[in-house]
Amino acid sequence: RNHEFTRSHLDGSPLDRPPESPSDVVERVWSKVFPHRNIVFNSGKIMASDKGREYNAAEMSDGERVALYLIGECLAAPKGGIIVVDEPEIHLHRSIQSDLWDAIERERDDCQFVYFTHDLHFASGREATRVWLKDYDGSKWDWRVIDGEEGIPEEVLLSILGSRRPVLFV
């Protein structure tokens, strides 16, 4: 990064800085989610550091490894695609879930994200259209968009809808 950069745009005009590599983007997203940890891609190795102590990617926590995997997969998705995420909270501490997905969504604002989750906290914290999958008979889905105008607080409504139990209101 400190070397003089001499490449130019296709029209011949000079670039003021080198284009970002995929690893640069991963590092940027990582630093937003884990500001106290660094990640470095070096000679085929992935290293992380915390308070000056470097450690190999194999020594990362499950949450760190999953976050790195999710960042990489989402950044590698086709331009303008749909990214389907099943259980976006898996192995991630609740304190970083929103930061991770917010950072990934900002990087991939060309894509549509679809989350399948049982985590009510995650679902209620997203700015999104919520869909209740009421039933599936093997060939046909029975679903409904939840618009929030049903007179029940959203988190309670999501809890009830996600329980799959008959509910009687009196």
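Predicted model: local features only at pLDDT ≥ 70, side-chain atom pairs only at ≥ 80, totals over all residues.
**Entry 1: the main core**

I started with the nonpolar cores. The largest one has 30 residues. I listed the members with the most contacts inside it: Met60, Leu92, Leu100, Trp101, Ile104 and Phe113. H2 supplies the largest share, 6 residues.

**Entry 2: Trp101**

I then followed Trp101, one of the core residues with the most contacts. What does Trp101 touch, leaving aside its neighbours within four places in sequence? I found Leu70, Cys74, Val85, Pro88, Leu92, Phe113, Tyr115, Phe122 and Arg126.

I also looked for a separate core. There is a second one, of 5 residues. Its members include Ala123, Ile146, Leu157 and Leu161.

**Entry 3: H1 against H2**

I looked up the packing of H1 on H2. The angle is about 135°, and the axes lie 10 Å apart. Angles over 145 degrees would count as roughly antiparallel, so I logged H1 and H2 as oblique to each other. The crossing of H1 past H2 is right-handed. From H1, the contact uses Val25, Val26, Val29 and Trp30. From H2, it uses Glu64, Leu68, Ile71 and Leu75. I sorted the residues of this contact by class: 7 are nonpolar, none is polar and 1 is charged.

**Entry 4: H2 against H3**

H2 was next, this time with H3. Their axes come within 10 Å and cross at roughly 20°. Under 35 degrees counts as roughly parallel, so that is how I logged H2 and H3. H2 also passes H3 in a right-handed crossing. On the H2 side I noted Ala67, Leu70, Ile71, Cys74 and Leu75. They meet Leu100, Trp101, Ile104 and Glu107 of H3. The class count for this contact is 8 nonpolar, no polar and 1 charged.

**Entry 5: Asp119**

Last, I checked Asp119. Where does Asp119 sit? I placed it in the loop between E5 and helix H4 (120-124). Is Asp119 buried or exposed? Its relative accessible area is 13%. The cut-off for buried is under 20%, so Asp119 is buried. Leaving aside neighbours within four places in sequence, Asp119 is in contact with Glu89, Arg94 and Gln97.

How values were computed. Residues numbered from 1 in each chain as written. Heavy atoms only, no water. Core = buried A, V, L, I, M, F, W, Y, C linked by side-chain atoms within 4.5 Å. Buried < 20%, exposed > 50% of the residue type's maximum accessible area, 1.4 Å probe, protein only. Helix = DSSP H or I, 4+ residues; strand = E, 2+ residues; numbered from the N terminus. Contact = heavy atoms within 4.5 Å. Axes fitted to C-alpha atoms, helices over the stretch in contact; angles between N-to-C directions. Parallel < 35°, antiparallel > 145°, perpendicular 65-115°, else oblique. Left-handed = near helix turned anticlockwise from the far one by under 90°. Nonpolar A, V, L, I, M, F, W, Y, C, P; charged D, E, K, R; others polar.
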